[in-house]
Amino acid sequence: MRTYTHSQQSLVLGLLARMGYPLVILLCVGLLHQTTRAVHMDKLADQKICGDAECSYVLSMATVLDDFISPDCRFLNLRKGQVVYVYSKLIAAEGAGVFWSGSIYSERYVDQMGIIGYFPATVVKETQRFTENTVKIQTTDMDFYCD
């Protein structure tokens, strides 16, 4: 959600007084339009393994072995030593990389907690499995949606 400073709010109120409601409404619609951009990215895989049909259960915990810089908005930036909760594991097509999705867990990286993204399985080491019962489900376009 976008926040505005006091001076930006005063500017809008001044415009409202001078220009009238129709132009101010048009201006507000333009500002809101900027905050609703999203991108559909290419699918990384057609199927994934999850702990449940909604992929809401954590499959495992993993420790990051090497830094990883996100190539685009689908991925997480990872630092060596971080702990990641794994929610799904993409089933790679032949010749494709193996990617997992998860979120970072650390009091040190509070700003990244709760953000779910993909990362290469090769940059983490699974340290604890929470479930052996998994389901294989189809990926959707929403699995690769970027804000």
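User: Which residue forms a salt bridge with Lys 48?

Analyst: Asp 143 does, and the closest N and O atoms of the pair are 2.8 Å apart. A salt bridge here is a side-chain nitrogen of Lys or Arg within 4 Å of a carboxyl oxygen of Asp or Glu. This is a predicted model, in which local features need pLDDT of at least 70 and side-chain atom pairs count only at pLDDT 80 or more, while totals for chains, interfaces and linings use all residues. Residues are numbered from 1 along each chain as its sequence is written, and side-chain values use heavy atoms, with hydrogens and water left out.

User: Where in the chain are Asp 143 and Lys 48?

Analyst: Asp 143 and Lys 48 form a salt bridge. This pair links distant parts of the chain, 95 residues apart: Asp 143 is in the loop between strand 8 (135-138) and strand 9 (145-146), and Lys 48 is in strand 2 (residues 47-50). Strands (E, at least two residues) are DSSP runs, numbered from the N terminus.

User: Are Asp 143 and Lys 48 buried or exposed?

Analyst: Both Asp 143 and Lys 48 are buried. Buried means under 20% relative accessible area, exposed over 50%, and partly exposed in between, with a 1.4 Å probe and protein chains only.

User: How many salt bridges are there in the whole structure?

Analyst: The search finds six. One of them joins Glu 126 to Lys 89, with the closest N and O atoms 2.8 Å apart. That pair also links distant parts of the chain, since strand 7 (residues 124-129) holds Glu 126 and strand 4 (residues 83-91) holds Lys 89, 37 residues apart. Lys 89 is buried, with a relative accessible area of 17%, whereas Glu 126 is partly exposed at 23% relative accessibility.

User: Which residues are linked in a network with Lys 89?

Analyst: Salt bridges link Lys 89, Glu 126, Arg 129 and Glu 132 in a network.

User: Changing topic: how many disulfides does the structure hold?

Analyst: It holds one disulfide, a term for a pair of cysteine sulfur atoms within 2.5 Å. Cys 50 and Cys 55 form it, with their sulfur atoms 1.6 Å apart. The link of Cys 50 and Cys 55 is right-handed, with 50° about the S-S bond. Both Cys 50 and Cys 55 are buried.

User: Finally, what does Phe 119 touch?

Analyst: Leaving out residues up to four places away in sequence, Phe 119 touches several residues, among them Phe 68, Leu 78, Trp 100 and Val 124. Contact means heavy atoms within 4.5 Å.

Notes
Helix = DSSP H or I, 4+ residues; strand = E, 2+ residues; numbered from the N terminus.
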